[in-house]
Amino acid sequence: MSDLHFETPENVSVNFSPAGLGTRYVAWFVDQIFVWLLTIGLLFVLICAGASFHGVRDLVSGLDDGDSEAVMIFVGIIMLVWGLGSFVYFGLCEFFMRGQTPGKRMSNIRVIKTDGFSLDAPSILVRNVFRVLDHIPILWIVPVLSVRSQRTGDMIAGTVVVSDEQQELSAVRTELAERSALESEFRFAPTALPQLNDVDLQGVEQLLERWNSLPEQQREQLLATMVEALTRKLKIESPESTQRLRFLEDLLAAELRRQQRGLG
């Protein structure tokens, strides 16, 4: 399974490893537990809300009598509610949890776009619309044959599931993860950090990690380009040239603290 290679506009190379099928299955199994709990809850609400309607009472009576037509209707309702619950669960989770669901987070994987950017609403909509299609048994072979372990919905939506686990804890990450917010010279609004995607953040980390090994002219050029691009995306004022390195350190430290709080 080949790694995915992306390059930031600042010429910093970023790599992602496609998630294995076993890991994806574990994540899917955990999420299905939540989906079925949601389905059961929705069915309970629907039955309670419709208890006063003759049609609902007749359906329940038919189930008690073993009426095959009533059973088929009830199974159809269950599948409809399950399908809607699955669509809502995966769609909302991936949108608000930046490409993750509870199952994916437990398995340290997430969904990104094949160009390296974080998921957007259209991509989430397309991949989850085709989730129903991907339950057809003959299509189960698609992720097995895919180089990136993509299901049909991923291919159409232009998304891929990647490993979110740090293969090796970098010295920069170790140092900045322990930095208190009180030590920061730059502060970021709660709505600012989610504007950055995984390529942005990994590009910052790799630049800081390689800082001492880069020629001075190259690192200053990379630093200026990266800070300018990030401040433009965050819609904040660019720091003084002497503060650019500290800006990146505080930015990454703030993101690490946000992840530790379970908000990203």
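1. Let's start with a pair: α9 and α10 cross in a left-handed way (the near helix is turned anticlockwise from the far one by less than a right angle; clockwise would be right-handed). Helices here are DSSP runs of H or I with at least four residues, strands are E runs with at least two, and both are numbered from the N terminus. Everything below comes from a predicted model, where local features need pLDDT of at least 70, side-chain atom pairs count only at pLDDT 80 or more, and totals for chains, interfaces and linings use all residues. Residues are numbered from 1 along each chain as its sequence is written, and side-chain values use heavy atoms, leaving out hydrogens and water.

2. How do α9 and α10 sit together? They pack at about 150 degrees, and their axes are 12 Å apart (axes are lines fitted to C-alpha atoms, for helices over the stretch in contact, with angles from 0 to 180 degrees between N-to-C directions). That is why α9 and α10 count as roughly antiparallel (over 145 degrees; under 35 is roughly parallel, 65 to 115 roughly perpendicular, the rest oblique).

3. Which residues do the touching? From α9 come Asp 200, Gly 203, Val 204 and Leu 207, and they meet Leu 222, Leu 223, Met 226, Leu 230 and Lys 233 of α10 (contact means heavy atoms within 4.5 Å). Sorted by class, this contact of α9 with α10 has six nonpolar, one polar and two charged residues (nonpolar: Ala, Val, Leu, Ile, Met, Phe, Trp, Tyr, Cys and Pro; charged: Asp, Glu, Lys and Arg; polar: the others, Gly among them).

4. The α9 and α11 crossing is left-handed. Leu 201, Val 204, Glu 205, Leu 207 and Leu 208 of α9 make the contact with Leu 245, Leu 248, Glu 249, Leu 252 and Glu 255 of α11. The class count for α9 with α11 is seven nonpolar, no polar and three charged.

5. To finish the set, α10 and α11 pack at about 55 degrees with axes 10 Å apart, which makes them oblique. Here too, α10 passes α11 in a left-handed crossing. Among the α10 residues in this contact are Val 227, Thr 231 and Leu 234, while the α11 residues include Phe 247 and Leu 251. By class, the α10 contact with α11 has 10 nonpolar, one polar and one charged residues.

6. Next, have a look at Arg 179, in the loop between α8 (171-177) and α9 (198-209). Is Arg 179 buried or exposed? Arg 179 is buried, because its relative accessible area is 11% (buried is under 20%, exposed over 50%, partly exposed in between, using a 1.4 Å probe and protein chains only).

7. Two loop residues other than glycine are worth a click. Ser 149 has a positive phi near 60 degrees, and so does Lys 235. Ser 149 lies between α6 (141-145) and α7 (152-157) and is buried at 2%. Lys 235, in the loop between α10 and α11, is exposed at 75%.

8. Zooming out, the protein chain has 11 helices and four strands. Buried residues make up 42% of its 264 residues.
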